[in-house]
Amino acid sequence: MFQQVPPRPDLVAGEHEVLEQWEKSRTFDKLREKNAGKPKWSFLDGPITANGLMGVHHAWGRTYKDAFQRYFAMAGHELRWQQGFDCQGLWVEVQVERDLGFKSKRDIEEYGIAEFVQRCKERVWKYSAIQTEQSIRLGMWSDWPNSYFTMSDENNYTIWSFLKRCHDRGLVYKDLDAMPWCPRCGTGISEQERKEGYKVVEDTAVYVRFPLRPGGGGGGQEQKGSAGMTSTNGDRAGEALLIWTTTPWTLAANVAAAVNPDLTYAKVRVGDDLVWVSKGSVAKLGKGAEVVEEAPGSLLVGWQYDGPFDELPAARDAAGVHRVIAWDEVADEEGTGIVHIAPGCGKEDFDLGKKESLPIVMPIDESGVYYDGFDVLTGRKASEVSDDVIGNLTAKGLLFKRERYKHDYPHCWRCGTALLFRAVDEWYIDMGWRD
């Protein structure tokens, strides 16, 4: 005989039944009244962003928070029972921009900043109410009418007061730093945010010649490579460093090339070319590549070369003399073992530039558009100029080859735009120890 399956319980009806019972019996209010005046246990809720419906991860976190508070209430503590809503930041702005069909931050200015702020507040009020209802349905106990909102004047003036105190103590300062930047949102991205937005993409990578300057190699002394050939200041005409990059737009900001002083480098003949690469990357140059000289990377340090865009006023005036520097992070598993350095376009480049006292060429603004002084690139988006940069390099005889390269690249976790790297002025609070 078949065993009769009992009917499934109506979970939704059960939720409402419990909530109605709590409300009818004033269960939560009685608990607060019972614990009033008892030892306090402070729990300040990290606010949920009032920007959409709650997700499973929100419900999970709120369940934990509710359990902790109920435990300490049962243990005889008075709690504040206050939770909050995060009302500020780009996430709310981006959603409102999407609703309005905006494509850039300039659209906000044209629309009107005051009106845009009001639309952001309206979105917060809408979704804070929805999230409150969802949290109540979840069974979470809180003093819902007294929830806090980060957009309140109290919160904002508290932050400004804190910053004023830091300023009065001489702790606030301004400095230049390089960071991942979203040109769509017009803001820097933290390291944690950067990790959340990686995507596998296929970009155009280029191998580019950096011609060595005659008399610009070896620091003025005769050096011998491991193949027994002599290297002097005057014997590098017709030779070039060969670099590899997946971001051709940064080449207009090149100021140096980095080699690993402990790697072995090779001068390679490829047809009519004489190019320097790390010995481990010679195979990437194709069949017919012939090594005619070898030398330690330390020999290359100090060599001078002509930059790929020295004809551009902004690059020429800021970059100065291009030279080879030492960097022990350079490897030959990827690229050519010679790294193009643009401190205005990368965090590692920027940090290395500070160490080596390199100049900084900053090519793009907060929207990822080239500044004045970059000729045909001026006024154009960095994300859209790769083909033109490659065409320019080809016309000048600097392009060795190009390839399609698949790799992980960071994107904005909010809007999905590919990030750029740029040097920007930032405000800091000095956290050093003081007597």
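Predicted model: local features only at pLDDT ≥ 70, side-chain atom pairs only at ≥ 80, totals over all residues.
Local features require pLDDT of at least 70 and side-chain atom pairs count only at pLDDT 80 or more, while totals for chains, interfaces and linings use all residues. Residues are numbered from 1 along each chain as its sequence is written, and side-chain values use heavy atoms, with hydrogens and water left out.

**Buried loop residues**
- Leu377 sits in the loop between helix H11 (347-356) and helix H12 (386-395), helices being DSSP runs of H or I with at least four residues and strands runs of E with at least two, numbered from the N terminus.
- Leu377 is buried at a relative accessible area of 4%, where buried means under 20%, exposed over 50% and partly exposed in between (1.4 Å probe, protein chains only).
- Not counting residues up to four places away in sequence, Leu377 touches Ala252, Tyr370, Val385 and Val389, a contact being heavy atoms within 4.5 Å.
- Asn254, in the loop between strand S9 (239-245) and strand S10 (256-259), is likewise buried, at 2% relative accessibility.

**Salt bridges**
- The count comes to 32 salt bridges, each defined as a side-chain nitrogen of Lys or Arg within 4 Å of a carboxyl oxygen of Asp or Glu.
- Glu311 and Lys396 form a salt bridge whose closest N and O atoms are 2.8 Å apart, and this pair links parts of the chain 85 residues apart.
- Glu311 is partly exposed at 39% relative accessible area, and Lys396 is partly exposed at 32%.
- A network of salt bridges links Glu93, Glu97, Lys105 and Arg184.
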